[in-house]
Amino acid sequence: MFRDDPANTYEFDLASLTQRPAWHSQAACRGMKNINFYPVRGENAAPALAICATCTVQDECLAQGVSNNERGVWGGSTARQRRQIRTTTAVIRPRLDATTLL
Ligand code: SF4
């Protein structure tokens, strides 16, 4: 095996894709198969949101949900709420950038 072998790069990328973030092991939803964390239109997200309210890794989960445009309940928010977060952030960020240029 050579150091610059493209197969080595592929192996590294594959490993990073298959490794879960450390905070997953602390998720309050871990193993809760009877709670629907992926409600579709008309289904109740409240049971999943109640679990999130007890979770110690809510911030990390919300960050992943927002940045990866995930479906379902993540970090105590629904997909609709995270769309609003992304929209608000997209509006605020250019204003902040413009302010810092002055
Ligand atoms: S915040 Fe909610 S969805 Fe995220 S890990 Fe915790 S319980 Fe699971």
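The legends below describe close-up views of a predicted protein model with a ligand.

Residues are numbered from 1 along each chain as its sequence is written. Because the model is predicted, local features need pLDDT of at least 70 and side-chain atom pairs count only at pLDDT 80 or more, whereas totals for chains, interfaces and linings use all residues.

**View 1. Confidence along the protein.** The average pLDDT (the predictor's confidence in each residue, from 0 to 100) is 84, and 73% of the residues score at least 70. Among the elements (helices being DSSP runs of H or I with at least four residues, numbered from the N terminus), helix α1, residues 6-18, has the lowest mean pLDDT, 61, while α2 has the highest, 98. Where pLDDT is low, the predicted coordinates should not be read in detail.

**View 2. The shell around the ligand.** The ligand is surrounded by 14 residues, of which the closest are Ala-27, Cys-29, Cys-52, Cys-55 and Cys-61, a residue being near if its C-beta atom, placed from the backbone, lies within 6 Å. At least two residues of this shell come from each of α2 (46-52) and α3 (58-67).

**View 3. Contacts of Cys-52.** Beyond its neighbours within four places in sequence, Cys-52 is in contact (C-beta atoms, placed from the backbone, within 7 Å) with Gln-58, Val-73, Gly-75 and Gly-76.

**View 4. The loop residue Asn-69.** Asn-69 lies in the loop between α3 and α4 (79-101), and has a positive phi of about 55° although it is not a glycine. Asn-69 counts as exposed because it has 10 C-beta neighbours inside 10 Å, the cut-off for exposed being 12 or fewer other C-beta atoms, placed from the backbone, within 10 Å.

How values were computed
Contact = placed C-beta atoms within 7 Å. Buried ≥ 20, exposed ≤ 12 C-beta atoms within 10 Å, placed from the backbone.
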